[in-house]
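Hi,

Here is the structure I promised to send over. Have a look at it first, and my notes follow below.

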Amino acid sequence: MKMKLKIAALTAMIGVGISASLPTFAQSNTPEWRSFSESDLQATSTGDLTRRVLQKHSIAEVRRAAEGDDPEAAWVLSFAYKRGLGGLPTDPRQAYRWSRMSCDLGSQRGCNALAYNLNSGVGTPQDRAEAMPLFQRTCAQGTASSCAAIAAAYYNGDSVLPQDFARALEFRFKGCELGRAHHCRIAGDMIAAGEGAEKSPRRAQAFYARGCDGQDAISCFRAARTRERLADRNDPSAFDYIASFYERGCALNQKDSCFNRGIIENEGKFGRTKSTLAAVPWMEKACELKSNDACYNLGSWLINGRAGRTDGRRAIELLGPLCLRDNDPDIQACNNAGTAAYRGSGMPSPDYESAAKFYTRACYEGALTASCRTLSDMYRDGQVVASSKGEAEWLDAQLCFKADEAAYCKPETVEHSVLQRASEGRYSSAAHVAGMLCDEGDMLACRAQSVLKKCASANGNTSIMRACRRAF
């Protein structure tokens, strides 16, 4: 059956919010599986409804009712077998059997369960050709999850239902109309991408707003972000809408909403006066929600007092994990954490050991000249001791030749001589001198010697020679 719902008709309904209803408990002797309200069936998962039944009834009671041709009891029993609830073993065949009985007895939810079992091959051979009409029927009767299944089928396309974005969008509209907020969001995503309808960020924004009304946190973020992209950053009239949706998303623990709300304050967008202090609460919440960017901002602001206070220890707590993570370390966070420790920002005294740890990673893994320079100064001033022989001298030589830091050029050192020869293309000679240092226990020289030998034996290999020139 074709859905007649059109974009314009649903868009006209955008102003109507989606109310989140709490489960309703019957005040009678009616079995729990027959006391579900319409809002229960729409807003509550089958798993939660089944668990609610089993809090008041034994699985034996449910089975007796199902065996007495109670379609809703059969639906509950089907799910109990599917998930192994109420002391039952997980049994896909029994799940299929009872969903089939429930549907045959006229249960809308039972037919929905049967369609899912057929669609996935749970307890029966997969039969999507039978499943799809069941999904279409139960969607038309108001089961939003069935609408989602049909929408996904049309979106992906296969031999049963060919790919048809317009039809997929119709079923997302239906799910949205039935009060499923994430359907509104997915409809917005499709319209934003021009899938199934003309591409329109403004119409997508309206669906995101409706999804946010239904407490979908990502919808709140996208409603605000879409409007932000359409607005002039200096237009004060855009502030209330954008800020309100970011705030609603943040209240629903959507970290990017918290972060972007803080950025508005920090950068003074949409007519706001620039204020890092006003941004701090939003960054704190975003950081608590594991936003690395928020933790970086907050940590950095605590070093220089922009956060309203100076707290180097807290800055290191925030920046350190970003620096020291195994995958994709944040090199600038390493430098900033090193700075907090080196300066002793808001601390009784500097923490040079911690500073050296962070600066070392920023220097050697990120080639951050400022970190290398400060680390060398710490070696020179005796604030820390190099962990291996020749480390300080190699660092100075690198600063001299690779960063053009003349103050760190020390021709009297053997390390300087190695890089001097390498920079002139005299790789064999440089490897020989590096080997002498290696024999004396300089492990960095051993590594350099290995690379220099490869450069010396490149025999005109263009790619190797190019790499050698970059390295030295």
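This is a predicted model: local features need pLDDT of at least 70, side-chain atom pairs count only at pLDDT 80 or more; totals for chains, interfaces and linings use all residues.

Let me start with the helices. Helix α21 (residues 369–380) packs against helix α22 (residues 391–402) at an angle of about 140°, and their axes lie 10 Å apart. That angle makes α21 oblique to α22. The crossing of α21 past α22 is left-handed. On the α21 side, the contact is made by Thr369, Cys372, Arg373, Leu375, Ser376 and Tyr379, while α22 brings in Glu391, Ala392, Leu395, Asp396 and Leu399. Sorted by class, that contact has six nonpolar, two polar and three charged residues.

Cys363 counts as buried because its relative accessibility is 5%, and Cys372 counts as buried at 8%.

The whole structure has eleven disulfides, including two others that I looked at:

- Cys139 and Cys147 are joined with S to S 2.1 Å; the link is right-handed, at 100° about the S-S bond, and Cys139 and Cys147 are both buried.
- Cys212 and Cys220 have their sulfur atoms 2.0 Å apart in a disulfide; the link is right-handed, at 90° about the S-S bond, and both cysteines are buried.

Note on methods
Residues are numbered from 1 along each chain as its sequence is written. Side-chain values use heavy atoms; hydrogens and water are left out. Axes are lines fitted to C-alpha atoms, for helices over the stretch in contact, and angles run from 0 to 180 degrees between N-to-C directions. Helices (H or I, at least four residues) and strands (E, at least two) are DSSP runs, numbered from the N terminus. Angles under 35 degrees count as roughly parallel, over 145 as roughly antiparallel, 65 to 115 as roughly perpendicular and the rest as oblique. A crossing is left-handed if the near helix is turned anticlockwise from the far one by less than a right angle, and right-handed if clockwise. Contact means heavy atoms within 4.5 Å. Ala, Val, Leu, Ile, Met, Phe, Trp, Tyr, Cys and Pro count as nonpolar, Asp, Glu, Lys and Arg as charged, and the others, Gly among them, as polar. A disulfide is a pair of cysteine sulfur atoms within 2.5 Å. Buried means under 20% relative accessible area, exposed over 50%, partly exposed in between (1.4 Å probe, protein chains only).
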